[in-house]
Amino acid sequence: MIRADDLTKQFGNRCAVDGLSFEAQQGDILGFLGPNGAGKTTTMRMLTGFLPPTAGSAIVAGYDIQKESIEVRKRVGYLPETVPLYSEMSSYEYLDFFAHLRHLQKIDYAITNVLEMVGLADRASGLIRNLSKGMRQRLGLAQALLHKPEVLILDEPTIGLDPAQIIEFRNLIREISRDRTILLSTHILSEAQQLCNRILIIKKGKIVVEDTPDNLQARIKGSPRVQIRVRGDASQLIQEISLVPGIHDIKQFSTEGLFEIEYANGMDLRPQIARMAIIGNYDLLEIRPVNAGLEDVFLELTREDTSNDKE
Ligand SMILES: Nc1ncnc2c1ncn2[C@@H]1O[C@H](COP(=O)(O)OP(=O)(O)O)[C@@H](O)[C@H]1O
Ligand SMILES: [Mg+2]
């Protein structure tokens, strides 16, 4: 289990992680989704007990990340963003090195076991430099699993893998998730959707959305949107449409005559809008539904707000 409470990290006067609170239980695959620089890696490094928070706290696998970081490290497997691999070692030697660092018992059994788990049993004595990118990633995962941790923290685990390797890697993560708590970061939305049972979208160190993939999808389907284009200036028409009951929002684009309306679920205001345009003597050039995918919402939520950003 993981419980973060107001977790905060400041680098100088820059706030990389800004008061994150969240929980994950055994069996959860919690997706940490956000653009580069959102604070995913920093949060993960704090949760693994490697980086002290500036403020706030977290309990991981039952222990406090600051007061009991050694206990935390014993119970957490961590796959960092870039896995440090020693290319002249064999896979077995690499795992053996970590097994000794962790003072494990029955090392040979443990290593054989994880190599089997990640599908590298036949590569045990082969050198790391001869492994493909996907195999290296699996070796990194083997390292993270070596001590049978109850919490697994995986920082962008599928980055750099080809599509087939990604599918394989996802299946592996699903398999090992049953009796563990997994926190996984990604900047790829579809990945979080396919793999995670809950998604946290973070932006500038803050949670902007927390929900299940299904609910996220449902939220989006909740409000139909339509894009409308008329010839010329649409300001007057927009003004009139804004008074129609059921309209939630109208967005005017910089392109002249182009705007988007959002209205209550279960309604279809297209005929009415079309009539208003005609009655108002507008040339109605286009009226089309906008299919908001989760991808749009993600982009919208995480879009850089450059207007009042000060370094
Ligand atoms: N050791 C560090 N020193 C100073 N700034 C850092 C350090 N690590 C990360 N940052 C900054 O903190 C922010 C969050 O970074 P990071 O946690 O790596 O984001 P993500 O993993 O989501 O891409 C970024 O602005 C990054 O530049
Ligand atoms: Mg990162």
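Leaving out residues up to four places away in sequence, Ile-173 touches Ile-182 and Leu-195, where contact means that the two C-beta atoms, placed from the backbone, lie within 7 Å. This is a predicted model, in which local features need pLDDT of at least 70, side-chain atom pairs count only at pLDDT 80 or more, and totals for chains, interfaces and linings use all residues. Residues are numbered from 1 along each chain as its sequence is written, while chains are lettered from A and ligands numbered from 1 in the order in which they are written.

Ile-173 sits in helix 6; helices (H or I, at least four residues) and strands (E, at least two) are DSSP runs, numbered from the N terminus. Is Ile-173 buried or exposed? Ile-173 is buried, because 20 other C-beta atoms lie within 10 Å. The scale behind that word runs as follows: 20 or more other C-beta atoms within 10 Å of a residue's own make it buried, 12 or fewer make it exposed, and anything in between is partly exposed, with C-beta atoms placed from the backbone. Ile-173 and Leu-141 are 32 residues apart along the chain, and their C-alpha atoms are separated by 9.3 Å.

## Two domains

The domain assignment gives domain 1 (2–211) and domain 2 (223–300); such bounds come from an automatic or database domain assignment. Taken over C-alpha atoms, the centres of domain 1 and domain 2 are 44 Å apart.

For a residue-level view of distance, take Arg-178, found in the loop between helix 6 and strand 8 (181–186). Arg-178 counts as exposed because it has 8 C-beta neighbours inside 10 Å. From Arg-178 to Ala-234 is 56 residues in sequence and 55 Å in space, C-alpha to C-alpha.

## The nonpolar cores

A nonpolar core here is a set of buried Ala, Val, Leu, Ile, Met, Phe, Trp, Tyr and Cys residues joined through C-beta atoms within 7 Å. The largest one holds 57 residues, and Val-60, Val-114, Ala-142, Ile-153 and Leu-183 have the most contacts inside it. Helix 5 (residues 133–145) supplies the largest share of this core, 5 residues. Apart from this core lies another, of 10 residues, including Ala-234, Ile-261, Ile-273 and Tyr-282. As background, nonpolar side chains tend to be buried together in soluble globular proteins.

Val-114 touches Leu-95, Ala-142, Leu-145 and Leu-146, not counting residues up to four places away in sequence. Ile-153 belongs to strand 7 and counts as buried because it has 25 C-beta neighbours inside 10 Å. Setting aside neighbours within four places in sequence, Ile-153 is in contact with Met-44, Leu-47, Thr-48, Val-76, Tyr-78 and Leu-183.

The buried residues of helix 5 are Gln-137, Arg-138, Leu-139, Gly-140, Leu-141, Ala-142, Gln-143, Ala-144 and Leu-145. Their cover includes strand 6 (76–79), helix 3 (91–101), helix 4 (107–117), strand 7 (151–155) and helix 6 (163–176).

Most residues other than glycine have a negative phi. Lys-148, in the loop between helix 5 and strand 7, has a positive phi near 50°. Lys-148 counts as partly exposed because it has 13 C-beta neighbours inside 10 Å. Glu-156, in the loop between strand 7 and helix 6, also has a positive phi, near 45°. Glu-156 is buried, because 21 other C-beta atoms lie within 10 Å.

## Around ligand 1

Which residues are around ligand 1? They are Phe-11, Ala-16, Gly-34, Asn-36, Gly-37, Ala-38, Gly-39, Lys-40, Thr-41 and Thr-42, where being near means a C-beta atom, placed from the backbone, within 6 Å. Helix 1 (residues 40–47) gives the largest share of this shell, 3 residues. By class the shell has 3 nonpolar, 6 polar and 1 charged residues; Ala, Val, Leu, Ile, Met, Phe, Trp, Tyr, Cys and Pro count as nonpolar, Asp, Glu, Lys and Arg as charged, and the others, Gly among them, as polar.
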